[in-house]
Amino acid sequence: MISYPLSLNYSLAPGWLEPFVSGLETGAALARKCDACAAVSFPPLRVCPCGATDATWVTLPGTARIELRTYGSDGAFGLVRFDGADTRATVRLVDIAPDEETGRIMASDAQRPMLCLTTMTAKEVSHG
Amino acid sequence: MHDATVTVSGAAVTPFNRRRDGTGLRDWAASAFDAALAMSDLHRGDIDALYVASESDFFHLQLNPASVLATELGLAGVSATRCEGGGASGQLAVHAALRAVQSGAARHVAVVGVDPSASSLPGDDIRTLYGFSFDAWTDGMTGLTSTALYALSYQAFTESHTVSDSDLATVTIQNRSNACHNPGAHLGRTDSAEDIANSPVIAHPYRRLHCSPLSDGAAALILSDTSHLPTTRKSAPRVVGAGAATDHMHLGARAKPGLFSAKTRAMQRACAEADVTPSAVNYAEIYDAYAGAQLQGIAALGLSGDVIRDLRAGRFAPNGACPINLSGGLMGQGAPVGATGVAQTATCALILEGRYHPDLQPQTLPQIALADTHGGICTTSAVTLLAQGARAA
Ligand SMILES: [Zn+2]
């Protein structure tokens, strides 16, 4: 066996996904609303299931309902539906208790655009 | 179309394990290829084309591996193509080779699947790379692991299927028990349901023992235009159907995230080509990256109208009506990614021909066998149907 360390430092351009990626960095949920059928996708889809490609970026409230969750040594993750979106999203769950059914998007604190859901404040829950 | 019938004239699988013997990818590829070529009663000069399945240059640090293996295997001069589709890479290479022979572009084609998924990098690095098998900008950057995505999909599956932890244990125990009789298997084990329940939670409900291992190894096939085979191999098993399909790359954008819809579409295409129905399949190698994925796969492929009832009744056990993963599957035999689909097809061919490991070979030869592979979270599906040579003649 030989040892061959290799360090790679990528520069990756998000392309048309740029508003989505920038949103994750600030904790905003930027979704795509189809100009033809008004379906809202988050994460955004370039081509709507209806076939249309013209769409408008919209900012969702950022709150989501957790439909399924998994946890273990790999971390905590969920399949959630963001309010205002017609698709579900797979997210990392951060500081969300097992009995919490909702959460809100949080800004990525890592040097990469992570899609994270964290606990809502009591005030946000009460205002529904 | 030239419309050749395509025979599996040669098939071989190296041991799958974590190599500590100083051998490397080129040794494994050559070992599998040489054995398959010897079985085919053909010579190197008869091979017109090479298709290589290897998932990622990250694993072996060899870009353009098909061109290198062409020389390594003594085939320099043939056309050489690398096929990649994540976990489905091996089966996609089988499909490419099949189409080359069917079209008349080649008479005899070698398929080699190989990856060093165990020994070349630390396991955590391999698992990190696997995380980029899904949409890198959403799931990959978020750090979603393969196990977590499969766990979420399996949970969605259980909303429409009444499954218990003991069913996951049954799949796990059965595959690893089969692997105990496969001398080339990575993970033959005799864990109890309690052992499984006590293994660490990786991503609920998946525990460590529900997961397939990272393995090194290779597999090879020679696919031939039947009319150009020596008489000794003319009646060998045939490839009678192949189908591939995709699903939405985002689990969350799927209407039913628990169903492997791409597999259903791929199977429909393969069955149409073979002119059979899924109920005709009486042997299958199913892509069991996780225990629950095997159940989701059986359901999506249409091998059972009630997968849980049939599992409990022993339909998929070694002595059942449709044994599954006698090799041990990914969970028991192991998972060198590029080799996986090629090995599944090789296993099906060897079983149809009655040449598999003696302790696992069914006494009554199956008529139709299915090799089922997918990549991503069943985002890419590729399935292949094989039949007895006599049936297809
Ligand atoms: Zn639309």
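Is B:Arg127 buried, partly exposed or exposed? B:Arg127 is partly exposed, with a relative accessible area of 44%; here buried means under 20% relative accessible area, exposed means over 50%, and partly exposed lies in between (1.4 Å probe, protein chains only).

Before we go on, a word on the ground rules. This is a predicted model, in which local features need pLDDT of at least 70 and side-chain atom pairs count only at pLDDT 80 or more, while totals for chains, interfaces and linings use all residues. Residues are numbered from 1 along each chain as its sequence is written, chains are lettered from A and ligands numbered from 1 in the order in which they are written, and side-chain values use heavy atoms, with hydrogens and water left out.

## Salt bridges

Let us stay with B:Arg127 for a moment. Its partner in a salt bridge is B:Asp124, with 3.3 Å between the closest N and O atoms. A salt bridge here is a side-chain nitrogen of Lys or Arg within 4 Å of a carboxyl oxygen of Asp or Glu. Both residues belong to helix H5 of chain B, where they sit 3 residues apart, about one turn of the helix. B:Asp124 is exposed, at 56% relative accessible area. Helices (H or I, at least four residues) and strands (E, at least two) are DSSP runs, numbered from the N terminus.

By this rule, 15 salt bridges are found over all chains. One of them joins the side chains of A:Arg88 and A:Glu67. The pair links distant parts of the chain, 21 residues apart: A:Arg88 is in the loop between strand E5 (77–82) and strand E6 (89–94) of chain A, and A:Glu67 is in strand E4 (residues 63–70) of chain A. A:Arg88 is buried, with a relative accessible area of 14%, whereas A:Glu67 is partly exposed at 34%. A:Arg81 joins A:Glu67 and A:Arg88 in a network of salt bridges.

B:Asp372 forms a salt bridge with B:Lys263, connecting strand E10 (residues 368–375) of chain B to helix H10 (residues 261–274) of chain B across 109 residues. Both B:Asp372 and B:Lys263 are buried.

| Salt bridge | Closest N to O distance |
|---|---|
| B:Asp124 and B:Arg127 | 3.3 Å |
| B:Asp372 and B:Lys263 | 2.6 Å |

## The zinc site

Chain A also holds the zinc donors: the SG atoms of A:Cys34, A:Cys37, A:Cys48 and A:Cys50 lie 2.2 to 2.4 Å from the zinc ion. Donors are N, O and S atoms within 2.8 Å of the metal (3.2 Å for Na, K and Ca); water is not among the atoms, so sites may look incomplete. Along the chain the donors follow the spacing C-x2-C-x10-C-x1-C. The arrangement is tetrahedral because the 4 donor atoms subtend angles of 105 to 115°, and four donors count as tetrahedral if all angles lie between 85 and 135 degrees. A:Cys34 is buried, with a relative accessible area of 6%, while A:Cys37 is partly exposed at 40%.

## Where the chains meet

At the interface, 33 residues of chain B are in contact with 33 residues of chain A, contact meaning heavy atoms within 4.5 Å. The area buried between the two chains is about 2600 Å², with carbon and sulfur atoms giving 65% of it. Buried area is the accessible area (1.4 Å probe) that two parts lose on being put together, summed over both. In chain B, B:Trp137, B:Met141 and B:Thr142 lose the most area to chain A, together 27% of what that side buries. Helix H6 (136–142), helix H7 (146–158) and strand E5 (201–203) of chain B each give two or more residues to the side that touches chain A. H7(B) supplies the largest share, 7 residues. Between chain B and chain A the count is 0 salt bridges.

## Inside chain B

Helix H11 (residues 291–301) of chain B is largely enclosed by the rest of the structure, because 10 of its 11 residues are buried. Just after H11(B), B:Gly302 takes a positive phi of about 80°.

B:Gln174, found in helix H8 (residues 165–179) of chain B, is buried at 13% relative accessible area. Not counting residues up to four places away in sequence, B:Gln174 touches B:Phe316, B:Ala317, B:Pro318 and B:Ile324.

Notes:
Four donors count as tetrahedral if all angles lie between 85 and 135 degrees; four count as square planar and six as octahedral if opposite donors are over 155 degrees apart and all others between 65 and 115; anything else is irregular.
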